[in-house]
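Open the model in your viewer and keep the selection tool at hand.

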Amino acid sequence: MKLYGIKTCDTCRKALKLLPDAQLHDVRAEGFPPGLLERAEAAFGNELLNVKSATWRSLAEAERSRPMLDLIAEHPTLMKRPLIERGDDLYLGWNETTRRALGV
């Protein structure tokens with residue numbers, strides 16, 4: 001199981017504590033594996049973009065109108081976290097639905 005997030009993110013840390021078999025892939029330091037963002041967009045659509053983040057608020061309106069995947073690739077903190085990959089399945093966020101699906 002892989003957890004895509006940022007090592008300093010409190011939500012990612014909470015998820016890692018309850019998912020001891022998960023490996024953290026720090027998207028700020030390591031970037032995104034090929035095809036992952038496209039799969040996540042197909043699964044979650046606009047939910048993938050964290051419009052509550054400080055990064056989003058700091059972007060100019062013209063910048064915000066760029067394609068979502070381009071923005072996330074350039075500014076990884078714009079991705080809602082964590083994005084969890086287990087086999088072929090993807091889970092977004094650390095909420096009750098995700099925890100239940102992962103058995104924690």
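Select L19, L48, I72 and L83 first: among the 31 residues of the largest nonpolar core, these touch the most other members. A nonpolar core is a set of buried Ala, Val, Leu, Ile, Met, Phe, Trp, Tyr and Cys residues joined through side-chain atoms within 4.5 Å; buried means under 20% relative accessible area, exposed over 50%, partly exposed in between (1.4 Å probe, protein chains only). Two or more core residues come from each of β1 (2-5), α1 (10-18), α3 (36-44), α6 (68-74), β3 (83-86) and β4 (89-92). Helices (H or I, at least four residues) and strands (E, at least two) are DSSP runs, numbered from the N terminus.

A note on the source: this is a predicted model, where local features need pLDDT of at least 70, side-chain atom pairs count only at pLDDT 80 or more, and totals for chains, interfaces and linings use all residues. Residues are numbered from 1 along each chain as its sequence is written, and side-chain values use heavy atoms, with hydrogens and water left out.

Stay on I72. Which residues is I72 in contact with, leaving aside neighbours within four places in sequence? They are F32, L37, L48, L49, L78 and M79, where contact means heavy atoms within 4.5 Å.

Next, select G87, in the loop between β3 and β4. G87 is exposed, with a relative accessible area of 60%.

From the N terminus, the order is β-α-β-α-α-α-α-α-β-β-α.
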